[in-house]
Amino acid sequence: MENERRPTILDNNDLVLHPMNHLSIGDMCLSLKPLVADNDQVEKFTAAGKIISSKSFTKHYVKRVLLRAWTLKGRWDITEITRADPNMFRFEFQLEQDCHWVIDKGPWSINGEILTITEWDPSIPLQSIPLKFSLWWVQIHGIPPVFMTRDNLHMIGEKAGTVIDMELSENSRWKPYVRAQLSINVNNPLYPGFYLPLKSQKPTWVQLKYEKLAYFCFRCGRLGHEREACSEEADTTIANLQGLLG
């Protein structure tokens with residue numbers, strides 16, 4: 001019995017890495033058949049959503065809030081995706097136009113907390129859904145008319161995220177602010193604005209205001225908690241919506 005050969009126990013790293021030393025990606029592929037829906041099943045359009053908050057929200061509460069905020073033509077429903085993250089939800093829409101409207105008009109507010117929603121292609125796994133990015137309309141205040149150009153607004157928008165669209169016309173330079181739609185990483189601090197140097201006087205503050213934004217941390221600039229619950233210190237602390245406290 002002493003010479004009996006014992007099985008080799010492999011850890012997880014061995015199981016994952018060793019085959020890759022000898023096989024190509026093609027050798028490791030396994031083709032699967034997609035689900036084929038019944039002919040009688042109504043086609044649904046799916047989106048995934050996440051509430052950026054340290055608080056937990058139930059699907060019933062979220063649906064009550066959104067029923068008051070959404071004006072849709074077809075039926076829709078909401079389900080929780082995972083118990084590990086109670087603030088992640090799947091939205092199913094009967095009409096494609098309703099799904100697109102909800103995404104384009106976002107982000108949405110649930111009791112002051114931001115709900116980001118993005119389209120969910122069923123062929124994409126949950127972990128690959130870009131829920132950390134949200135389309136957001138941002139107002140840019142305080143730009144002198146002489147600097148109100150498309151290039152300058154694009155430069156400002158890129159500081160906060162990726163520019164998707166902007167509302168700019170001949171009359172925009174005479175308005176209090178101009179709007180731009182940005183794709184923003186909601187895990188990063190929100191870009192509050194900047195000081196614009198002027199030749200004839202001291203620098204002026206150009207403020208970014210995020211529409212539908214209720215709660216966020218004035219210390220670190222992030223969503224999901226407020227100043228009292230913040231454990232971070234940032235190089236620049238936001239004092240209020242009009243300026244900075246360095």
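Residues are numbered from 1 along each chain as its sequence is written, and side-chain values use heavy atoms, with hydrogens and water left out. In this predicted model, local features need pLDDT of at least 70 and side-chain atom pairs count only at pLDDT 80 or more, while totals for chains, interfaces and linings use all residues.

The chain contains four helices and twelve strands (DSSP runs numbered from the N terminus, with helices being H or I of at least four residues and strands E of at least two). Of its 246 residues, 35% count as buried; buried means under 20% relative accessible area, exposed over 50%, and partly exposed in between, with a 1.4 Å probe and protein chains only. The accessible surface of the chain is about 16600 Å², and 51% of this belongs to carbon and sulfur atoms (Shrake-Rupley method with a 1.4 Å probe; for residues, only the protein chains shown count as cover). Among contacts (heavy atoms within 4.5 Å) with a separation of 6 or more, 60% come from residues 24 or more positions apart.

Helix α4 spans residues 150-160, and its residues Leu153, Ile156, Gly157 and Ala160 are buried. These residues cover an arc of only 100° around the axis, so they are on the same side of α4; the arc is that of the directions from the helix axis to the C-beta atoms. Asp151, Met155 and Lys159 are exposed on the face turned away from the buried side of α4. The cover over the buried residues of α4 includes β6 (133-141), β7 (162-167), β8 (177-185), β9 (193-196) and β10 (204-210).

The largest nonpolar core has 25 residues, of which Ile140, Leu153, Leu208, Tyr210 and Leu223 touch the most other members. A nonpolar core is a set of buried Ala, Val, Leu, Ile, Met, Phe, Trp, Tyr and Cys residues joined through side-chain atoms within 4.5 Å. Two or more residues of this core come from each of β6, α4, β7, β8 and β10, and β8 gives the most, with four. A second, separate core of 20 residues includes Phe93, Cys99, Val102 and Ile103. Leaving aside neighbours within four places in sequence, Leu153 is in contact with Ile140, Ile143, Met148, Met166, Leu168 and Val178. Val138 lies in strand β6 and counts as buried because its relative accessibility is 1%. Beyond four places in sequence, the residues that Val138 touches include Val178, Leu182, Leu208 and Tyr210.

Ten aromatic pairs are found in the whole structure. Rings of Phe, Tyr and Trp (its six-membered ring) pair if their centres lie within 6.5 Å; planes under 30 degrees apart count as stacked, over 60 as edge-to-face and the rest as tilted. The ring centres of Phe91 and Phe93 are 6.5 Å apart with planes at 20°, so this pair is stacked. Both residues, Phe91 and Phe93, are buried. Ring pairs also join Trp70, Trp76, Phe91, Phe93, Trp101 and Trp108 into a cluster. Lys63 lies over the face of Trp76, 5.3 Å from the ring centre, and Arg179 over the face of Trp137, at 4.3 Å. A charge sits over a ring if NZ of Lys or CZ of Arg is within 6 Å of the ring centre and within 35 degrees of the ring normal.

Some backbone features lie in loops. Gly106 and Pro107 are joined by a cis peptide bond, with omega about 0°; Pro107 is in the loop between α3 (96-104) and β4 (108-110). Asn111, not a glycine, has a positive phi of about 55° and lies in the loop between β4 and β5 (113-119).
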